[in-house]
Amino acid sequence: MERRLFLQQTGVAAGAAMVAPSLMSAKQKQNKLVILHTNDTHSNIDPFPVNHPKFPNMGGVSRRASLIQSIRDQEEHVLLLDAGDIFQGTPYFNKFKGVLEMKTMAAMKYDIVTLGNHDFDIGMEAYKSALSHASFQVVNANYELASTPLSEVVKPYTIIKKAGLKIGIFGLGVNLQGLVPVENWKGLTYLDPVSAAQKQADTLRKEGCDVVICLSHLGYEYNTDQVSDKVLAASTAGIDVIIGGHTHTFLEDLQEFKNKEGKSVFVNQVGYGGLKLGRIDIERCMDSGKFTIASTNRLLDDYIA
Ligand SMILES: [Zn+2]
């Protein structure tokens with residue numbers, strides 16, 4: 001099922017030039033961005049066991065790679081993202097210290113990831129060492145990392161040009177206090193995610209980004225006053241899409257919220273374990289300059305070769 005919604009914050013859209021009808025189909029294709037994403041894959045390399053009560057024989061890195069490749073064969077402009085907690089959950093992690101996860105993600109050509117709490121489970125030096133096997137960018141804007149081993153490998157945000165669009169992507173992490181042994185994140189200072197997010201969104205809008213994406217490991221929602229993706233969406237302006245993680249929430253589809261200016265923010269999350277691949281298509285109509293957004297989250301079952 002595909003639902004088409006409108007992106008409203010994209011300031012540049014209104015100024016999009018009209019093009020001759022003969023050029024339109026080519027241009028339209030050029031303006032279609034396909035975002036594929038995972039979260040909380042938790043070292044699941046193999047599919048879940050065949051006797052698993054909820055997800056028998058589902059997931060697995062080879063199916064994920066195969067699905068991603070089949071989408072790349074059909075779509076020109078693909079961006080592959082992960083919202084954190086790549087580490088911890090199977091014996092592969094204990095044996096290979098995260099190197100296998102990083103190598104498989106490098107093979108699938110992930111572009112950008114953020115840090116989850118479990119990515120600190122063997123300490124920052126070990127994360128950095130495993131990361132040396134991959135070439136993707138790690139983003140986080142609310143961990144002050146200057147006096148840690150991650151100072152040079154993690155950036156607050158990155159800007160990618162794809163599909164004729166300028167895409168700004170920043171990351172947010174959960175408070176590690178109480179989740180990760182203190183010695184594993186020594187030197188890291190936790191910053192308020194809402195103000196960090198607003199600062200990044202303002203910067204990326206000033207840079208002229210057409211689309212602003214937040215890779216969040218804050219969690220989808222809470223009964224407490226802890227900042228979640230829903231809170232983040234409502235308390236900021238300038239973010240178009242939040243790709244979340246941490247709460248292992250299986251969203252059927254993109255969820256639409258209003259930001260503090262009353263504009264739409266879309267949130268997606270695909271559970272855990274690499275069981276699903278999230279997909280968000282963003283297209284700019286050259287006629288109206290309007291952006292549309294649609295999602296199709298796909299379960300990795302044995303229909304995938
Ligand atoms: Zn987490």
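A residue counts as exposed when its relative accessible area is over 50%, and as buried when that area is under 20%. With that in hand, welcome to this predicted model.

Most residues other than glycine have a negative phi. K109 sits in the loop that joins α4 (99–107) to β4 (112–114), and its relative accessible area of 54% makes it exposed. H42 is also not a glycine, yet its phi is positive at about 45 degrees. This residue belongs to the loop between β2 (32–38) and α2 (61–74). Is H42 buried or exposed? With a relative accessibility of 9%, H42 counts as buried.

| Residue | Relative accessible area | Class |
|---|---|---|
| H42 | 9% | buried |
| K109 | 54% | exposed |
| Y220 | 6% | buried |
| F257 | 19% | buried |

**The zinc site**

Which protein atoms are the donors of the zinc ion? They are OD of D85, OD1 of N117, NE2 of H217 and ND1 of H246, at 2.1 to 2.3 Å from the ion. Along the chain, these donors follow the spacing D-x31-N-x99-H-x28-H. N117, in the loop between β4 and α5 (124–131), and H217, in the loop between β11 and α7, are 100 residues apart, and this pair links distant parts of the chain. Both N117 and H217 are buried.

Why is the arrangement of the four donor atoms irregular? Four donors count as tetrahedral if all angles lie between 85 and 135 degrees. The angles at this zinc ion run from 87 to 167 degrees, so the arrangement is irregular.

**Aromatic pairs**

The structure holds 11 aromatic pairs. One of them joins Y220 and F257, whose ring centres are 6.4 Å apart; the planes meet at 55 degrees, so the pair is tilted. Y220 is in the loop between β11 (211–216) and α7 (229–235), while F257 is in strand β13 (residues 255–258), so the pair ties together parts that are 37 residues apart in sequence. Y220 is buried at 6% relative accessible area, and F257 also counts as buried, at 19%. Elsewhere among the rings, one aromatic cluster is formed by F48, F55, F250 and Y272.

How values were computed: Residues are numbered from 1 along each chain as its sequence is written. This is a predicted model: local features need pLDDT of at least 70, side-chain atom pairs count only at pLDDT 80 or more; totals for chains, interfaces and linings use all residues. Side-chain values use heavy atoms; hydrogens and water are left out. Rings of Phe, Tyr and Trp (its six-membered ring) pair if their centres lie within 6.5 Å; planes under 30 degrees apart count as stacked, over 60 as edge-to-face and the rest as tilted. Helices (H or I, at least four residues) and strands (E, at least two) are DSSP runs, numbered from the N terminus. Buried means under 20% relative accessible area, exposed over 50%, partly exposed in between (1.4 Å probe, protein chains only). Donors are N, O and S atoms within 2.8 Å of the metal (3.2 Å for Na, K and Ca); water is not among the atoms, so sites may look incomplete. Four donors count as tetrahedral if all angles lie between 85 and 135 degrees; four count as square planar and six as octahedral if opposite donors are over 155 degrees apart and all others between 65 and 115; anything else is irregular.
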